[in-house]
Amino acid sequence: MAQPGSHLWFLPHHHIFAMLQEFGMPENFLHVIREVYEGCSTTIRSVEGETAEIPIRSGVKQGCPLSPIIFNLAMGPLLRAISNGTNGFNLHGERVSILAYADDLVLTVDDPESLQRMLDATSRAADWMGLRFNAKKCAALHIDGSKRDSVQTTDPGFQIQGEPVIPLA
(Lines give C-alpha, C1' and ligand atoms only; values in the text may rest on other atoms or scores of the structure.)
Protein backbone atom coordinates (compact mmCIF):
# COMPACT_ATOMS: atom_id res chain seq x y z
CA MET A 1 0.00 0.00 0.00
CA ALA A 2 1.34 3.41 -0.93
CA GLN A 3 -0.08 6.29 1.00
CA PRO A 4 0.86 9.97 1.24
CA GLY A 5 -0.41 12.29 3.90
CA SER A 6 -0.81 15.86 2.78
CA HIS A 7 -1.53 19.29 4.08
CA LEU A 8 -3.46 21.88 2.10
CA TRP A 9 -3.01 25.57 2.15
CA PHE A 10 -6.25 27.44 2.68
CA LEU A 11 -9.19 27.56 0.29
CA PRO A 12 -9.27 30.84 -1.67
CA HIS A 13 -12.43 32.82 -0.99
CA HIS A 14 -13.19 33.13 -4.72
CA HIS A 15 -13.34 29.31 -4.89
CA ILE A 16 -15.64 29.14 -1.87
CA PHE A 17 -18.05 31.64 -3.49
CA ALA A 18 -17.90 29.84 -6.86
CA MET A 19 -18.63 26.43 -5.33
CA LEU A 20 -21.55 27.74 -3.26
CA GLN A 21 -22.99 29.32 -6.40
CA GLU A 22 -22.37 26.08 -8.34
CA PHE A 23 -24.32 24.16 -5.70
CA GLY A 24 -27.28 26.48 -6.31
CA MET A 25 -27.23 28.45 -3.07
CA PRO A 26 -29.76 31.30 -3.16
CA GLU A 27 -28.36 34.72 -4.06
CA ASN A 28 -29.37 36.25 -0.70
CA PHE A 29 -27.38 33.51 1.10
CA LEU A 30 -24.36 34.10 -1.18
CA HIS A 31 -24.61 37.83 -0.45
CA VAL A 32 -24.47 37.20 3.31
CA ILE A 33 -21.47 34.86 2.95
CA ARG A 34 -19.65 37.39 0.75
CA GLU A 35 -20.32 40.10 3.33
CA VAL A 36 -18.81 37.90 6.05
CA TYR A 37 -15.69 36.99 4.03
CA GLU A 38 -14.87 39.98 1.81
CA GLY A 39 -12.69 42.72 3.21
CA CYS A 40 -11.48 40.63 6.17
CA SER A 41 -8.14 41.47 7.70
CA THR A 42 -6.12 40.84 10.80
CA THR A 43 -3.23 42.40 12.65
CA ILE A 44 -0.48 40.92 14.75
CA ARG A 45 0.34 42.47 18.09
CA SER A 46 3.88 42.06 19.43
CA VAL A 47 6.19 43.83 21.87
CA GLU A 48 7.17 46.17 19.02
CA GLY A 49 3.53 47.13 18.45
CA GLU A 50 0.79 46.19 16.05
CA THR A 51 1.33 45.44 12.37
CA ALA A 52 -0.56 47.05 9.54
CA GLU A 53 -3.73 45.24 8.50
CA ILE A 54 -3.09 41.95 6.72
CA PRO A 55 -5.84 41.01 4.24
CA ILE A 56 -7.35 37.53 4.61
CA ARG A 57 -8.29 36.13 1.20
CA SER A 58 -8.48 32.42 1.97
CA GLY A 59 -9.74 29.98 4.53
CA VAL A 60 -13.02 29.63 6.38
CA LYS A 61 -13.96 31.61 9.46
CA GLN A 62 -12.80 29.89 12.61
CA GLY A 63 -15.62 29.30 15.08
CA CYS A 64 -18.41 30.00 12.58
CA PRO A 65 -21.03 27.21 12.64
CA LEU A 66 -21.27 27.37 8.82
CA SER A 67 -17.53 26.91 8.29
CA PRO A 68 -17.46 23.07 8.32
CA ILE A 69 -20.33 22.95 5.83
CA ILE A 70 -18.78 25.58 3.57
CA PHE A 71 -15.41 23.82 3.74
CA ASN A 72 -16.94 20.43 2.87
CA LEU A 73 -18.89 21.84 -0.07
CA ALA A 74 -15.83 23.66 -1.40
CA MET A 75 -13.60 20.58 -1.02
CA GLY A 76 -16.09 18.25 -2.74
CA PRO A 77 -14.67 18.69 -6.26
CA LEU A 78 -11.15 17.85 -5.05
CA LEU A 79 -12.28 14.72 -3.21
CA ARG A 80 -14.33 13.53 -6.20
CA ALA A 81 -11.42 14.15 -8.60
CA ILE A 82 -9.08 12.15 -6.37
CA SER A 83 -11.42 9.20 -5.92
CA ASN A 84 -12.65 9.00 -9.54
CA GLY A 85 -10.95 6.26 -11.50
CA THR A 86 -9.02 4.80 -8.57
CA ASN A 87 -9.38 1.37 -7.09
CA GLY A 88 -8.09 2.41 -3.71
CA PHE A 89 -6.87 -0.09 -1.16
CA ASN A 90 -8.71 -3.16 0.09
CA LEU A 91 -9.32 -2.65 3.80
CA HIS A 92 -11.28 -5.54 5.32
CA GLY A 93 -13.33 -5.99 2.16
CA GLU A 94 -13.97 -2.29 1.56
CA ARG A 95 -12.17 -0.25 -1.11
CA VAL A 96 -10.74 2.93 0.43
CA SER A 97 -9.04 5.49 -1.77
CA ILE A 98 -9.11 8.66 0.31
CA LEU A 99 -9.45 9.62 3.95
CA ALA A 100 -10.11 13.29 4.66
CA TYR A 101 -10.22 15.19 7.92
CA ALA A 102 -10.21 18.98 7.91
CA ASP A 103 -7.24 19.98 5.75
CA ASP A 104 -5.49 16.60 5.96
CA LEU A 105 -5.80 13.98 3.24
CA VAL A 106 -4.59 10.39 3.07
CA LEU A 107 -4.57 8.66 -0.33
CA THR A 108 -4.41 4.87 -0.37
CA VAL A 109 -3.80 2.55 -3.32
CA ASP A 110 -2.32 -0.88 -3.98
CA ASP A 111 0.78 0.17 -5.93
CA PRO A 112 3.15 3.13 -6.39
CA GLU A 113 2.14 3.75 -10.02
CA SER A 114 -1.51 4.15 -9.05
CA LEU A 115 -0.52 6.53 -6.27
CA GLN A 116 1.35 8.82 -8.67
CA ARG A 117 -1.68 8.81 -11.01
CA MET A 118 -3.85 9.73 -8.02
CA LEU A 119 -1.40 12.49 -7.04
CA ASP A 120 -1.49 13.81 -10.63
CA ALA A 121 -5.31 13.92 -10.53
CA THR A 122 -5.10 15.66 -7.16
CA SER A 123 -2.66 18.21 -8.57
CA ARG A 124 -4.89 19.00 -11.57
CA ALA A 125 -7.97 19.44 -9.38
CA ALA A 126 -6.08 21.57 -6.86
CA ASP A 127 -4.67 23.77 -9.65
CA TRP A 128 -8.20 24.25 -11.03
CA MET A 129 -9.47 25.19 -7.55
CA GLY A 130 -6.61 27.60 -6.84
CA LEU A 131 -5.21 25.40 -4.06
CA ARG A 132 -1.58 24.73 -3.34
CA PHE A 133 -0.28 21.78 -1.38
CA ASN A 134 2.61 22.42 0.94
CA ALA A 135 4.87 19.65 -0.37
CA LYS A 136 7.14 20.03 2.67
CA LYS A 137 4.23 18.82 4.81
CA CYS A 138 3.37 15.91 2.49
CA ALA A 139 4.82 12.45 2.99
CA ALA A 140 4.57 9.00 1.40
CA LEU A 141 4.72 5.64 3.12
CA HIS A 142 5.11 2.55 0.94
CA ILE A 143 4.19 -0.69 2.70
CA ASP A 144 4.41 -4.15 1.14
CA GLY A 145 2.52 -6.47 3.46
CA SER A 146 3.80 -9.55 1.64
CA LYS A 147 7.37 -8.96 2.87
CA ARG A 148 8.86 -9.48 6.31
CA ASP A 149 10.27 -5.95 6.36
CA SER A 150 7.06 -4.41 5.05
CA VAL A 151 8.08 -0.72 4.99
CA GLN A 152 9.83 -0.10 1.68
CA THR A 153 12.82 2.22 1.96
CA THR A 154 13.36 2.99 -1.72
CA ASP A 155 12.18 6.43 -2.76
CA PRO A 156 9.73 6.05 -5.66
CA GLY A 157 9.94 9.81 -6.33
CA PHE A 158 6.30 10.81 -5.81
CA GLN A 159 5.37 14.38 -6.72
CA ILE A 160 2.43 16.68 -6.06
CA GLN A 161 2.03 19.87 -8.08
CA GLY A 162 5.56 19.38 -9.41
CA GLU A 163 7.13 19.22 -5.93
CA PRO A 164 8.67 16.10 -4.38
CA VAL A 165 6.80 14.27 -1.64
CA ILE A 166 8.96 13.26 1.33
CA PRO A 167 9.37 9.46 1.58
CA LEU A 168 8.88 7.98 5.05
CA ALA A 169 10.98 4.99 5.98
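## H92 and its loop

In this predicted model, H92 sits in the loop that links strand 6 (89-91) to strand 7 (94-96). Is H92 buried or exposed? Its relative accessibility is 80%, and because the cut-off for exposed is over 50%, H92 counts as exposed.

The backbone of H92 has a positive phi of about 55°, although H92 is not a glycine. Most residues other than glycine have a negative phi.

## Q161, another positive phi

Q161 also has a positive phi, with a value near 50°, and it is a residue other than glycine. Where is Q161 found? Q161 lies in the loop between strand 11 (159-160) and strand 12.

The relative accessible area of Q161 is 11%. Buried means under 20%, so Q161 is buried.

V165 is in the loop between strand 12 (163-164) and strand 13 (166-168). With a relative accessibility of 5%, V165 counts as buried.

How far apart are V165 and N134 in sequence and in space? In sequence they are 31 residues apart, while their C-alpha atoms are 9.5 Å apart in space.

## Helix 3 against helix 4

Helix 3 covers residues 67-83 and helix 4 covers residues 112-129. Their axes come within 8 Å and cross at roughly 155°. Angles over 145 degrees count as roughly antiparallel, and therefore helix 3 and helix 4 are roughly antiparallel to each other. The crossing of the two helices is right-handed.

Which residues make the contact? On helix 3 they are A74, M75, P77, L78, A81 and I82. On helix 4 they are M118, A121, T122, A125, A126, W128 and M129. Sorted by class, the contact of helix 3 with helix 4 has twelve nonpolar residues, one polar residue and no charged residues.

## Q116 in helix 4

Q116 is placed in helix 4. Its relative accessible area is 19%. The limit for buried is under 20%, so Q116 counts as buried.

What does Q116 touch, leaving aside residues up to four places away in sequence? Q116 touches G157, F158 and Q159. With Q159 there is also a polar contact: the side chain of Q116 reaches the backbone nitrogen of Q159 at 2.9 Å.

Terms used: Residues are numbered from 1 along each chain as its sequence is written. This is a predicted model: local features need pLDDT of at least 70, side-chain atom pairs count only at pLDDT 80 or more; totals for chains, interfaces and linings use all residues. Side-chain values use heavy atoms; hydrogens and water are left out. Axes are lines fitted to C-alpha atoms, for helices over the stretch in contact, and angles run from 0 to 180 degrees between N-to-C directions. Helices (H or I, at least four residues) and strands (E, at least two) are DSSP runs, numbered from the N terminus. Angles under 35 degrees count as roughly parallel, over 145 as roughly antiparallel, 65 to 115 as roughly perpendicular and the rest as oblique. A crossing is left-handed if the near helix is turned anticlockwise from the far one by less than a right angle, and right-handed if clockwise. Contact means heavy atoms within 4.5 Å. Ala, Val, Leu, Ile, Met, Phe, Trp, Tyr, Cys and Pro count as nonpolar, Asp, Glu, Lys and Arg as charged, and the others, Gly among them, as polar. Buried means under 20% relative accessible area, exposed over 50%, partly exposed in between (1.4 Å probe, protein chains only). A polar contact is a pair of N or O atoms within 3.5 Å; within protein, one must be able to donate a hydrogen and the other to accept it, and residues adjacent in sequence count only if both atoms are side-chain atoms.
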